[in-house]
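Trainee: I would like a close look at a single part of this structure. Could you pick a spot and take me through it slowly, and then show me what lies around it?

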Amino acid sequence: LLGALLDSYRLMPAATLPAMGPLAQITAGAVTDAFRLAAQVAAPFLVLGFVYNVGLGLINRAMPHFAVFFIGLPVSILGGFVLMAVTLS
């Protein structure tokens, strides 16, 4: 435990600032990877939601007296849960 503590002070001595260039590159890389992963995880939900809502819009145009979105919202939520269950594995 003490050896690890001493090594940490050798890596970054007390009362000094770390080099900002490499720290900024590491931070930018981590943020880029996080956004890429988030987009990959969210992509099926975005595509399914867009296609489903376009379909509801077309049905609403065909039958304006029918409350399509009132009926379609619970189905959309259920579809999201099913898609999440399928993609979690």
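Mentor: Let's begin with aspartate 7, which is partly exposed at 44% relative accessibility (buried is under 20% relative accessible area, exposed is over 50%, and partly exposed is in between, with a 1.4 Å probe and protein chains only). Before we go on, please keep in mind that this is a predicted model, where local features need pLDDT of at least 70, side-chain atom pairs count only at pLDDT 80 or more, and totals for chains, interfaces and linings use all residues. Residues are numbered from 1 along each chain as its sequence is written, and side-chain values use heavy atoms, with hydrogens and water left out.

Aspartate 7 has a partner: it makes a salt bridge with arginine 10, and their closest N and O atoms are 2.6 Å apart. The term salt bridge stands for a side-chain nitrogen of Lys or Arg within 4 Å of a carboxyl oxygen of Asp or Glu. As a general idea, side chains of opposite charge can pair when their charged atoms come close. Now look at where the two residues sit: they are three residues apart in helix H1 (residues 2–11), so about one helical turn separates them. Helices here are DSSP runs of H or I with at least four residues, strands are runs of E with at least two, and both are numbered from the N terminus. Arginine 10 is exposed, with a relative accessible area of 61%.

By this rule, the count comes to two salt bridges. The other pair is aspartate 33 with arginine 36, whose closest N and O atoms are 3.1 Å apart. These two residues lie in helix H2 (residues 20–62), again three residues apart, or about one turn of the helix. Aspartate 33 is partly exposed at 46% relative accessible area, and arginine 36 is partly exposed at 47%.

Let's follow H2 along its length. This helix has 43 residues and reaches 60 Å from its first C-alpha to its last, close to the 63 Å expected at 1.5 Å a residue; the expected span is 1.5 Å times one less than the number of residues. At alanine 42, H2 bends by about 45°, and proline 44 follows within four residues. That bend is the angle between axes fitted to the seven residues ending at a residue and the seven starting there.

Between H1 and H2 there is a loop, and alanine 15 is found in it. Here phi is near 65°, a positive value in a residue other than glycine. Alanine 15 counts as exposed, at 90% relative accessibility.

For a sense of distance, turn to leucine 88, which lies in helix H3 (residues 68–88). Its C-alpha is separated by 35 Å from that of proline 22, 66 residues apart along the chain. Leucine 88 is exposed, at 66%.

How confident is the predictor? The mean pLDDT of the protein chain is 89, and 100% of its residues reach 70 or more, where pLDDT is the predictor's confidence in each residue, from 0 to 100. Confidence is lowest in H1, where our tour began, at a mean of 87, and highest in H2, at 92.
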